[in-house]
Amino acid sequence: MTLALELSELATAVAREAGELARRRRSEGVRLAATKSTLADIVTDADREVEALIRDRLREARSDDGFLGEETGAEPGVSGITWVVDPIDGTVNYAYGIPAYNVSIAAVRGEPDPESWEALAAAVDAPALGETFTAARGHGAWSGGSRLQVTQETPAGALLGTGFGYDPATHAGDLAAVSRVMPIARDLRRMGAAALDLASVAAGRLDGYFERGLRPWDHAAGALLVEEAGGVVSRIDLDSPRPMLIAGGRDVHARLVAILDEKQ
Ligand code: LIP
């Protein structure tokens, strides 16, 4: 078995166990533990408990690997592999009881920096939707036994997804980007969980997706799903505090970059 497949199997098993814990805690009621960057940026007790479970399981299985998690930060390893983890992506959905939340786990090789790492394996588990999306570099992206494939044709315009940061000061700029892309859209979705947006692009449920200000754990796993499903993912405005991630099938990705990248 290749390293990528081995890491993908581990990511999938851990994401499913963690997803089940998140779902159980949700059914018991959610307690807000803290706010982060802004009042809208929340962390629940479950985020912390789920990240601790993931960290423990990965450490038991592969003690030499590094870890980069949304709630507990970075711990370097010695193997060259780092696990990039969002214990609950879509925390606001989770807090409100909207089922579009997920556990996102990626294994990357190289520096734990999205500009230079090579993602090897990914698992996005959405327990309240009953879906798990997985990928291993060179082996495709999968869900429920089916191989995922991005859309190629968008004759009626592209169904696009996006998201907005938690800081109200950035909303006007994000909405301006939305109005610029609407001429190529058939419609727009804002689901509230970046990893699920990317999984949706991989599964052909969205034709494209763009969002500013994502953190590495928001997109590490989802981006590999898109690439392994035949799509393209890139980041622009890397010198800004809120770089933009753009994903889609080859044609939609290129059209989004042409509209959104002012440097082009
Ligand atoms: C969130 C995303 C959401 C995005 C937010 C945030 P969290 O992740 O998935 O779609 O718009 O900016 O990054 O905080 O729930 O893990």
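Modeller: Three salt bridges are counted between domain 1 and domain 2, a salt bridge being a side-chain nitrogen of Lys or Arg within 4 Å of a carboxyl oxygen of Asp or Glu. The model is predicted: local features need pLDDT of at least 70, side-chain atom pairs count only at pLDDT 80 or more, and totals for chains, interfaces and linings use all residues. Residues are numbered from 1 along each chain as its sequence is written, and side-chain values use heavy atoms, with hydrogens and water left out.

Domain 1 covers 3-147 and domain 2 covers 158-260, with bounds from an automatic or database domain assignment. Their centres, taken over C-alpha atoms, are 20 Å apart. To the contact (heavy atoms within 4.5 Å), domain 1 brings 42 residues and domain 2 brings 25 residues.

Together the domains bury about 2,400 Å², 67% of it on carbon and sulfur atoms; buried area is the accessible area (1.4 Å probe) that two parts lose on being put together, summed over both. Of the area that domain 1 buries against domain 2, Asp89, Glu115 and Phe133 supply 18%, more than any other three residues.
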